[in-house]
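The sequence and structure come first.

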Amino acid sequence: MQKSLWSDTITLPKYRKMDGDLKTDVLVIGGGICGILCAYFLKKAGIDCILVEKQQIAQGTTCNTTGKITAQHGLIYDYIIQHFGKETAQKYYMANNTAIRYYEELCKNIDCDFKKITSYTYSMNRVEKIENEIKALHSLGHPSQFFTSLPLPFHIAGAIGVENQAQCHPLKLIAHLVENLNIYENTTVRQIMPHGVVCDEGKITAKKIIVATHFPFINKHGSYFLKLYQHRSYVIALEKAQNVNGMYIDEAEGGLSFRNNNDLLLLGGCGQRTGKKCGNWEELIKLKNQFYPNSKIQYKWATQDCMSLDKIPYIGPYSKRTPNLYVTTGFNKWGMTSSMVSAMILCDLVQGIKNDYADIFSPSRTILKPQLLVNGFETISNFISPTAKRCPHMGCALTWNKAEHSWDCSCHGSRFKEDGTLLNNPATKNADTIQK
């Protein structure tokens, strides 16, 4: 059975369903950690705010995160310098490093397993990539170290380590953040209007709206169906495995991730674009038997991440044609830190305050990137695929996910149960054509 460590070790409060029309200054749509952080900081600033969630808070991507809080997002800084320049790389680092400090301040008096720790990115066979990343960080004036070995159960070519990063129990943190917030669960937004939204249960009038729904659900603005795709990856939590004393991730796509939470080792990876075949838990279990034969699996779960075209999240105005509507998405597997960056930026923007980092995350930046061609090819291939099982989002073909017993869309990442019940957006309704 699939269940995350986080959701099994704390019970979050339940909230009422919206019943009748409402009015607020700022409406946040989406009850993951990103939306909750936005609502939390808006309330601290004295802004009247409502948060609505179509199911229950923190039960989507948030409860399936690995809880890493870090500015070292793989080998990101050499990439950003090469494609956007040092100024953008510096801002990206400072935004994420500030996010870590915000978390540290928040967690001072909260029992959420918050721990300062070193983050490592390793390579199995491309040491020059590690060396280039270290040079990039040093050129920005930020310290990092080179390692030729790590306390992992295999040899590496090289690794970069960045100190003073962090990890936590995300749902324990959320249990504190939601105290006194104005939240409605089981409340589905069907339509966004110039001055509010239409829900199944009534209308909400709002001066500003933040869409924090993981994958944006409005297709006619912002072209997010072109700018995003989704990636699925897998985690097992092992008892009697190893204390790796750090957070680790492979620079290669589909590589392994390691971190501890108390006496459990979280081993993750073996993923692929949603809708494509991958190693899933079967591969992780083989590695568990190879590396930690005496360990026992306590939990297993999967997560889904929105990936942007250029490895930088989209945070800011939803589009140039939608004033007072904002979005946050495309966290590229770094949702904890990016959620805090989103809250920092969006809480400023909705108050009319200039934010020093907003420009590099602008959703209106160019989409002319190589990944756009990959996304386009995937969509066209799925449109012409001869199958009756189609995604209601944009009509792409669905493929059967044997490991999770779900129908998955590789165009944009929507997922459905065997009977067609919606599991993951951007689809907003069930796939009625599915028959098993």
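In the largest nonpolar core, which has 78 residues, Leu-37, Tyr-77, Leu-173, Ile-210 and Phe-361 touch the most other members. Helix H9 (residues 335–349) gives the most to this core, nine residues. Apart from this core there is a second, separate one of 27 residues, with Met-18, Tyr-184, Phe-215 and Cys-306 included. A nonpolar core here is a set of buried Ala, Val, Leu, Ile, Met, Phe, Trp, Tyr and Cys residues joined through side-chain atoms within 4.5 Å. Buried stands for under 20% relative accessible area, exposed for over 50%, and partly exposed for what is in between (1.4 Å probe, protein chains only). Helices (H or I, at least four residues) and strands (E, at least two) are DSSP runs, numbered from the N terminus.

The model is predicted: local features need pLDDT of at least 70 and side-chain atom pairs count only at pLDDT 80 or more, while totals for chains, interfaces and linings use all residues. Residues are numbered from 1 along each chain as its sequence is written, and side-chain values use heavy atoms, with hydrogens and water left out.

Phe-361, one of the core residues named above, is in contact (heavy atoms within 4.5 Å) with Tyr-92, Ala-95, Ile-312, Pro-313, Tyr-314, Ile-315, Val-341 and Ile-345, leaving aside its neighbours within four places in sequence.

Arg-365 is found in the loop between H9 and helix H10 (370–383). With a relative accessible area of 16%, Arg-365 is buried. Its side chain makes a polar contact with the side chain of Asp-310 at 2.7 Å; such a contact is a pair of N or O atoms within 3.5 Å, where within protein one must be able to donate a hydrogen and the other to accept it, and residues adjacent in sequence count only if both atoms are side-chain atoms. A polar atom of the Arg-365 side chain also lies 2.4 Å from the backbone oxygen of Ile-312.

Thr-328 belongs to strand E17 (residues 325–329) and counts as buried, at 3% relative accessibility. The side chains of Thr-328 and Ser-342 make a polar contact of 2.6 Å. Beyond its neighbours within four places in sequence, Thr-328 is in contact with residues including Cys-34, Val-211, His-214 and Leu-346.

The structure holds 17 aromatic pairs. Rings of Phe, Tyr and Trp (its six-membered ring) pair if their centres lie within 6.5 Å; planes under 30 degrees apart count as stacked, over 60 as edge-to-face and the rest as tilted. Two of the pairs share Phe-154.

| Pair | Centre distance | Plane angle | Class |
|---|---|---|---|
| Phe-154 and Phe-258 | 5.9 Å | 55° | tilted |
| Phe-154 and Phe-291 | 5.7 Å | 55° | tilted |

Phe-154 sits in the loop between strand E5 (145–147) and strand E6 (158–167), and Phe-258 in strand E13 (residues 257–261), 104 residues apart. Phe-291 lies in helix H8 (residues 280–291), so its pair with Phe-154 ties together parts that are 137 residues apart in sequence. Phe-154 is buried at 17% relative accessible area, and Phe-258 is buried at 0%. Tyr-122, Phe-154, Phe-258, Phe-291 and Tyr-292 form one aromatic cluster.

Charged side chains also meet rings. Lys-227 lies over the face of Tyr-224, 4.3 Å from the ring centre, and Lys-300 over the face of Trp-281, at 4.6 Å. A charge sits over a ring if NZ of Lys or CZ of Arg is within 6 Å of the ring centre and within 35 degrees of the ring normal.
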